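Welcome, and please open your viewer. We will go from stop to stop, picking a selection each time and looking at what is there.

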Amino acid sequence: SQWNTMSVDGLAGNNPAATNTFGSTISLDAIAEVKVQAGNYQAEYGRNGGSYINLVTKSGSKEFHGSAYWYVRNEDFNANDFFNNLTGQPRPLYRYNTEGFTLGGPLPVSRFIPRTKDRLFFFYSFEDLQTKSPQALRQVTVPTALERAGNFSQTLDLNGAVIPIKDPLTGTPFPGNIIPANRMSPNGVGMLNVFPLPNALNRNLTKGNYNYQFQESLNVPKNQNLFRTDYRATDKDMFFFRGAIWNSDTQGSAVPAGASNWGLLKQHYAYSDESAVFNYTHIFSPSIVNEFQAGAHYDLENGPPLSSTELAKVQRSTYGITMGQFSPQWNTLNVVPQATFGGVPNAAAITFDGRWPLRGSDTNFDFSDGLTWVRGAHTLKFGIYLQRLRNEEGRQGTFSGNFDFSRNITNPNDTNYAYSN
């Protein structure tokens, strides 16, 4: 799947990242032809070792033609999930609205531009997708209000027994299983306060495996505009220009390249793809044809927080966290460190994508010229193909630090529980 070449109107549409997948989205109603070269193809279809797949967009004609459509899905047509009913969760939003239209025909400009009557055509396609896509129900464990205050007298294991919290200085449990206020680190308490308070308190239902549940529907607006102009200047000279713009913005917690998907932070995953192609075909004779093409393709991905309010939910200053950092210059948004809490059943973690806030882009320029000469029973082809490609995947690293508070019996400072650590 990573060795194919995919193009639109001859312009390479592969994403040059490690997956090498198809990055140029085209509305189905704007496609006139799909051509697949599985093997033994000519040199003009090279670039990769797999198949060559080319999409050809529609063009206008001497008559006006068009279409319009609207496809709908809605949670009102669906039953609720079995496990949502079991835990009292409402039916999540599930909405797909796909609207679009196409229109093509002659460009009525002959009175302004002579010699264009029945020779100049246009085609336009628009598609808009408004989606609310439900995600799986997340069930995790977060620190309770008592635990954040140092009181672990009600912290139970899966068998319902109180977990003893040991004083690292004495090796014996704290009196009443409560850590004195003067022994508590403000930075540690700040890390625990990053989490929301529990909302699933029925231990008969949770069995101690979780105390917080979260479900969301990702909001994913998308749209595409595609425009093509064809000009038959003479019986031997044909031109076309095609431009396309695609925008997609996934909004929520469980987004690509996002933070922890239990609701830590809502952010964008915005992706845009823009391309343009110019093609000129000249017929020298019934046996000799030359085709020149130039194209450009640019895509951009961004992953900022959804709002300043969402960003504040993960900033150190919100929780009074002042612990040092090895490389504070890389933590430009002053976010809290990543953290894990091993030993707590289904513990919620604090994680960020190493590139967050994500930014990456690809820029591609294609130029080609090919001459086809049919001589008797033989077909000869000559040509040149030039591509300039630039790929930026974005800097990445553990920019805010990473703490592991897991229970560790080999560590003399271990208190026997991750939240008390």
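Which residues line the second largest cavity? Select V8, L11, A12, G13, S24, I26, R242 and S275, and you have its lining. A cavity here is a set of points on a 1 Å grid over the protein atoms alone where a 1.4 Å probe fits but cannot get out, and lining residues have an atom within 4 Å of a point. This second largest cavity has a volume of about 30 Å³, where a volume is the space filled by probe spheres set on the points, which are joined across faces, edges and corners.

Before moving on, a word on what you are viewing: this is a predicted model, in which local features need pLDDT of at least 70 and side-chain atom pairs count only at pLDDT 80 or more, while totals for chains, interfaces and linings use all residues. Residues are numbered from 1 along each chain as its sequence is written, and side-chain values use heavy atoms, with hydrogens and water left out.

R242 sits in strand β11 (residues 237-252) and D9 in the loop between β1 (5-8) and β2 (11-12), so the pair links parts of the chain 233 residues apart. Strands are DSSP runs of E with at least two residues, helices are runs of H or I with at least four, and both are numbered from the N terminus. R242 is buried at 0% relative accessible area, and D9 is buried at 6%; buried means under 20%, exposed over 50% and partly exposed in between, with a 1.4 Å probe and protein chains only.

Salt bridges that share partners join D9, R228, D230 and R242 into one network.

**Stop three: E75 and R95**

Next, select E75 and R95, where the closest N and O atoms of the salt bridge are 2.8 Å apart. E75 is in the loop between β5 and α1 (82-87) and R95 is in strand β6 (residues 95-106), so the pair ties together parts 20 residues apart in sequence. E75 is buried at 7% relative accessibility, whereas R95 is partly exposed at 30%.

**Stop four: the open sheet**

Switch to a cartoon view and follow the open sheet of 9 strands, in the order β5-β6-β7-β10-β11-β12-β13-β15-β16, with antiparallel pairing. Two strands pair if DSSP finds at least two bridges between them. The edge strands, β5 (65-73) and β16, each pair on one side only. Between β15 and β16 there are 15 bridges, and one to display is T372 with its partner K381 in β16.

**Stop five: the largest cavity**

Select A12, N14, P16, R47, H297, D299, D362, N364, Q387 and L389, which line the largest cavity. Its volume is about 50 Å³. From the sheet, β13 (288-302), β15 (359-375) and β16 (378-392) each supply at least two residues of this lining.

**Last stop: the largest pocket**

Finally, look for the largest pocket, with a volume of about 1300 Å³. A pocket is an open set of points with protein on both sides within 12 Å along at least five of seven lines. Of its 44 lining residues, E44, Y45, E291, Q293 and S368 are the closest to its centre. Colour β15 too: this strand gives the largest share of the lining, 7 residues.

Technical notes: A salt bridge is a side-chain nitrogen of Lys or Arg within 4 Å of a carboxyl oxygen of Asp or Glu.
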